[in-house]
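My entries follow in the order in which I made them.

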Amino acid sequence: NMLGKTKAIDTVHSFLVDTLATPGSLAVAMNTDISLTALTTPTRLTNIVEEVAKAIQVSRPQEAVQHYAGVNESQRQLSKSLKDWGNAVEFDLVRSTLVSGLSGTTAKMAGIIAAISKASNTTAHTSGTVFSATILDGLMTDNCTNSNGDVATELLVGGVMKRIIDSFTQKTNVVVNTPNGLVNIVRTVTTYETSMGTLTIHKHRYVDVSGTDATSRVLGIRPEKLKVAYLDMPYIKDLAEGGAYTKKAVYGSLTLECRNQDS
């Protein structure tokens, strides 16, 4: 939800990334012609549009009988499908890896983790390494160096890493007296301020997936550099019915723009 939205116009979505010159002196001598400098052109990046669908089929008798939910069964299943569709999109926006869709394969976009990954801005620690404030400070220093100061502002972590980050500062067991006389014990960290910039910490359910990821992960992003590009906005589609049932699908297609990998 923190990412901006834009429009895709083709199944292979292209977008441009431009760069500024490396900072340096541009001093010129008095009373001389000004020398021309070589111009650069934008780099064209692409991502694949992914089609996402969740279909349901509810029999006519199931719609007719009374259920504890108290609503029409097809409407209840459709409501669940809308939530499932949103969860699936969020999952792939974070974790999907690029699949071209050729030779009968299902096309998939490169999600955030895959799209931002370069040798200069990602690192993997040896399994068993305990995450610490020192490691995060080092990552932010590398981020600042590689992105010319245009650093990540949001840090997405799983539940385990969130608890470790909560132990970074001296906020642990600080007692806060509230006006109504209640006492709260604050054990959480919502922002982490480093020498290179301030991070807002978010617990995200798909950064680490139990049983899939061998080690935990921290994902630093700058939201204005990422956009969700919709080719077909999500809608409810009626599917062909050949019997006494209701058949529908939630459908949409989209991809991810990564406008600055270094940030």
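Entry 1: I started with Ser103, which is exposed because its relative accessible area is 78%; exposed means over 50% relative accessible area, buried under 20%, and partly exposed in between, with a 1.4 Å probe and protein chains only. The model is predicted, so I noted that local features need pLDDT of at least 70 and side-chain atom pairs count only at pLDDT 80 or more, while totals for chains, interfaces and linings use all residues. Residues are numbered from 1 along each chain as its sequence is written, and side-chain values use heavy atoms, with hydrogens and water left out.

I placed Ser103 in the loop between helix H2 (73–95) and H3. Helices here are DSSP runs of H or I with at least four residues, strands are runs of E with at least two, and both are numbered from the N terminus. I read a positive phi of about 55° for Ser103, although it is not a glycine. Most residues other than glycine have a negative phi.

Asn31 gave me another positive phi in a residue other than glycine, near 65°. I found Asn31 in the loop between strand S2 (12–17) and strand S3 (43–48). Asn31 counts as exposed because its relative accessibility is 79%.

**Entry 2: pockets.** Rolling a probe the size of a water molecule over the atoms shows where empty space is left. I used a 1 Å grid over the protein atoms alone: a pocket is an open set of points where a 1.4 Å probe fits, with protein on both sides within 12 Å along at least five of seven lines, and lining residues have an atom within 4 Å of a point. Grid points are joined across faces, edges and corners, and a volume is the space filled by probe spheres set on the points.

The largest pocket holds about 1100 Å³ of space. I counted 46 residues in its lining, with Thr123, Leu139, Arg217, Val218 and Leu219 nearest the centre. Helix H3 (112–116), helix H4 (133–146), helix H5 (159–166) and strand S10 (218–221) each give the lining at least two residues. H4 supplies the largest share, 7 residues. By type, I have 22 nonpolar, 18 polar and 6 charged residues in this lining; Ala, Val, Leu, Ile, Met, Phe, Trp, Tyr, Cys and Pro count as nonpolar, Asp, Glu, Lys and Arg as charged, and the others, Gly among them, as polar.

The second largest pocket holds about 540 Å³. I found 20 residues lining the second largest pocket, and Asp18, Thr19, Leu20, Asn260 and Asp262 lie nearest its centre. This lining divides into 5 nonpolar, 9 polar and 6 charged residues.

Entry 3: Which residues does Met140 touch, leaving aside neighbours within four places in sequence? I listed Val151, Ala152, Thr194, Met196, Gly197 and Leu199, where contact means heavy atoms within 4.5 Å. Met140 lies in helix H4 and counts as buried because its relative accessibility is 4%. From Met140 to Arg60 I have 57 Å in space, C-alpha to C-alpha, and 80 residues in sequence.

Asn143 is also in helix H4. Asn143 counts as buried because its relative accessibility is 12%. With neighbours within four places left aside, I found Asn143 in contact with Val151, Ala152, Asp262 and Ser263.

**Entry 4: strands.** I followed strand S11 (residues 226–238), which pairs with strand S1 (residues 4–7) in the parallel sense over 4 bridges; two strands pair if DSSP finds at least two bridges between them. Thr6 stands opposite Ala229 in S11. S11 is also joined to strand S12 (residues 245–258) by 10 bridges, running antiparallel. I noted Leu256 in S12 as the bridge partner of Val228. S11 and S12 make a hairpin with 6 residues between them.

**Entry 5: aromatic pairs.** My search of the whole structure found 4 aromatic pairs. Rings of Phe, Tyr and Trp (its six-membered ring) pair if their centres lie within 6.5 Å; planes under 30 degrees apart count as stacked, over 60 as edge-to-face and the rest as tilted. Tyr235 and Tyr251 form an edge-to-face pair, 6.1 Å centre to centre with 75° between the planes. The pair links Tyr235 in strand S11 with Tyr251 in strand S12, 16 residues apart. Tyr235 is partly exposed at 35%, whereas Tyr251 counts as buried at 18%.
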